[in-house]
Amino acid sequence: MPLIEFSDKGLYCPAGDFYIDPWQGVDRAVITHAHSDHARWGSKSYLCHRDSQPLLQQRLGPNHYQPVGWNEPLYLNGVRLTFFPAGHIIGSSQIRVEHNGEIWVVSGDYKLENDGISGAFEPVKCHNFITESTFGLPIYKWKPQQEIYSGIKAWIQRNQAAGKSSILIAYSLGKAQRLLQPLSEVTEKIFVHGAVYNLHMALVNAGWKLPPVEKVTPDTPKAELKGAVVITPGSAEGTPWLRRFAPYEIGVCSGWMQVRGAVRRRNADAGFILSDHADWDGLLTACKATEAECVYATHGFQAAFSRYLRENGIQAREVKTEYGDDEEEGNSRTDEQGIANDEGNV
Amino acid sequence: MRQFAELVTQVGSSTKTNDKLDALVAYFSSAVDEKDKVWVIALFSGRRPKRAVNTTQLATYAIEVAGLPFWLFEESYHTVGDLAETIALLLPESAPEQQHAEPLHDYIEGLIGLDKESEEVKKGFILESWRGMNRAEQFVFNKLITGGFRIGVSQSVMVNALAKVLQLESSVIAHRISGQWDPALISFEELLGEHAVTSDNSKPYPFYLAYAIEDDLSTLGDPHDWQAEWKWDGIRGQIIKRGGELFVWSRGEGLMTEKFPEYHALQTILPDGLVLDGEIIPAVDGKPLAFALLQTRIGRKNVTKKQLQEAPIAFFAYDLLEYEGEDWRGRPLTERRARLEEIVKSLHHPTLLLSDIVPFTSWEDLARLREQSREMGAEGFMLKKKSSTYQVGRKRGDWWKWKIDPLVIDAVMIYAQKGAGRRSGLYTDYTFAVRDGDKLVPFTKAYSGLTDKEFAQVDAFVKRNSLEKFGPVRTVKPELVFEIAFEGIAASSRHKSGVALRFPRMSRWRRDKKPEEINTLEDLKKMLEVYGK
């Protein structure tokens, strides 16, 4: 019996009787990170990193949560579980599962570049590695984040000079927090959409020191919004909510912006290729670093990515999960799922 | 090359016409080499250097440089939807100190010079060029080779930008950049200067185009102020006779004199200094034939005797733009028309016909006449104000097209493929089938007619309901029903269904219909009998 099975409810460890990121309610869920396609409603207990807990509480409400730190092993029915930083968003973790000398690592989502708030991705040696493959095609290659931030800052300054607001479309959990530091370098005040604000406050109340933000409300004086810098999830795109910032330019921050057609389809004025996922080289580097005998590729371009690994001497399989249900995983599907979820909080 | 790459990036990413215009104005007023400017005008008006390296070669070099297996290149291409961009994304980006991009025209001249060279020389040139470029430059360089600078700039925006920079009317610019000129040989001054037009006998006038009328005809006012003609389904063209030479221009396709030997007889009989506007269309005894027959002609390099017999081309003249060497476009339509009729009638040649005026006294009258369109081989009416001048480009007000409703058929989607451009990565290109007993018979593809939101929904359906994958094509569960609208139908031996449709598109998503309720092959064949001529 394998240590981890791919069941219809999610990744299941029979020996320890727990699920990792289940997509249906279970007795015991172990959560890699707080994005809504990984942390779903309906389980009796949630084991997660301690930085994920306030986010899960914000999104899923009161539940039985058990927080744990990185590199703090614990045992469930004799199975050893250890969380390691995944570098994806605040609290995101890879989960190492060990039993009778067999080691599996579930990556959740990850990126290799240290963004300063999500912890630095740590390669973990294992026999079997379950990896994401959101950007598992060689066309996806990221530039260093400082270069992208410079681009965003220059864009904002151009907009400011032209008397325009800068609307940055960013996932409200992850990229929104990541953008705060660079944005605070070019503006006194960062305005945020309600969805971003709620998560921000959850983090601040949990003790996080983040650059301050201001929530946009119907009472926010119009004069203050002229030439404003605003972070909002994509759900606000094309809605009357944006009118108060006119005139404005829209910049979308997403790895999907790598392809011109995606920028044009979003009808964005600017596309910033900023992702919280590993790019092609990052995925390859991570898989090799685990020295795994077998790699299981999930959600993303899993077919292409696992075939490439096989052709390069790494045993690999594609696995269907509900973190995406197809190799293409519609451009920014996870984003949109997250945003749909956010809308309840606006 | 850097400025050009930046121009393409700016124009391609901006969502507002004014920003595009500003970017073009800035480019044309900049100190960029004038040879580059000429090439930009050429590229943005659909001209491009002859392809010296084919796309397969280009892809092969890229795969080698990137060190990737072929299948992965293909997989990437299907996701990006554009070959030039895929290659630019896969090539290693060169270090800034290695980047030494030359002016645009150097690369283009280099590419042109490769024509007769060996494969090895071609490859050397391409690889060396890539090495010196950043990603944006690699992209536009690849575009020069793969062709088609459809990057979201319409020719009219460029014309307006040039008009602004040169302080000329945009109609003057449009005229000067029309026709045939070789960007490699012509200077900016020769192209756009004062003598540009007079020195070129073949130069056509920019076509005056009409919008479809959406309002009630009564909004046009007194019917007596208007002239109605059948709207022919052929190729819009100009016949030019100057300096003893004959030129035939088509809208979109360029100079087509050699394609239509039928017109050569006109060279001797037409008076000099004459330009006619009309429809290039196959016709027998003055009655137009199906557009499909014209299509069999334009795709071929050499015209066969059989084709000349089966689909003899005529010219249905409807306007006179130049007479005795004088530009007549500013005169009212009635005056142009009267002279046109005199000319055509006096020549009395089977190839040169008049596009008849359809007499009518009231708008209701005209609406009744319109019902005969299909029998006439027309697709509706053209309505032209009798006092109208011949304008430049697509304009509202004086000319309108009033088309008949399209033919429609309900069909089920069975295959899907990813689109290109702004639809890259989305399944937007579909194949549709009608029912034949318990079989489904594919009969057409369609790519347009849905809103972005509907496309996103169909895309999600395709991803969830794929049955098989053949290269880029997915077979999908036959479940979604669409109404397919089309302008015409013709018999075709090349299609399994035996028919070919003219301009098919999705006119409605029939969520109310089940796949069992779609039309049948029999229905399609009946339509062919009635409308297929």
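## Domains, helices and a chain contact

In this predicted model, the C-alpha centres of domain 1 of chain B and domain 3 of chain B are 35 Å apart. The two do touch: domain 1 of chain B puts five residues into the contact, and domain 3 of chain B puts in seven. On the domain 1 side of chain B, the touching residues split into one nonpolar, three polar and one charged.

| Domain of chain B | Residues |
|---|---|
| domain 1 | 2-146 |
| domain 2 | 208-403 |
| domain 3 | 407-531 |

Now have a look at a pair of helices in chain B. Two packed helices are described by the angle between their axes and the distance between the axes. For α4(B) and α8(B), the latter being residues 119-131, the axes come within 11 Å and cross at roughly 55°. Angles from 65 to 115 degrees would count as roughly perpendicular, and those under 35 as roughly parallel. The two helices α4(B) and α8(B) are therefore oblique to each other. The crossing of α4(B) with α8(B) is right-handed.

Which residues make that contact? From α4(B) come B:Q57, B:L58, B:Y61 and B:V65, while α8(B) supplies B:K122, B:K123, B:I126, B:L127 and B:W130. Sorted by class, the contact has six nonpolar, one polar and two charged residues.

Next, find helix α6 of chain B, residues 83-90. Is it enclosed or open? Eight of its eight residues are buried, so α6(B) is largely enclosed by the rest of the structure. Those buried residues are B:L83, B:A84, B:E85, B:T86, B:I87, B:A88, B:L89 and B:L90. Their cover includes α4 (55-66), α5 (70-80) and α9 (135-146) of chain B, along with α5 (260-266) of chain A.

That brings us to where the chains meet. Chain A gives 22 residues to the contact and chain B gives 25. On the chain A side, the elements giving two or more residues are α5 and α7 (302-311). The largest share of that side, six residues, comes from α5(A). By class, the chain A side has nine nonpolar, five polar and eight charged residues.

Terms used: Residues are numbered from 1 along each chain as its sequence is written. Chains are lettered from A and ligands numbered from 1 in the order in which they are written. This is a predicted model: local features need pLDDT of at least 70, side-chain atom pairs count only at pLDDT 80 or more; totals for chains, interfaces and linings use all residues. A residue is buried if 20 or more other C-beta atoms lie within 10 Å of its own, exposed if 12 or fewer, and partly exposed in between; C-beta atoms are placed from the backbone. Helices (H or I, at least four residues) and strands (E, at least two) are DSSP runs, numbered from the N terminus. Domain bounds come from an automatic or database domain assignment. Ala, Val, Leu, Ile, Met, Phe, Trp, Tyr, Cys and Pro count as nonpolar, Asp, Glu, Lys and Arg as charged, and the others, Gly among them, as polar. Axes are lines fitted to C-alpha atoms, for helices over the stretch in contact, and angles run from 0 to 180 degrees between N-to-C directions. Angles under 35 degrees count as roughly parallel, over 145 as roughly antiparallel, 65 to 115 as roughly perpendicular and the rest as oblique. A crossing is left-handed if the near helix is turned anticlockwise from the far one by less than a right angle, and right-handed if clockwise.
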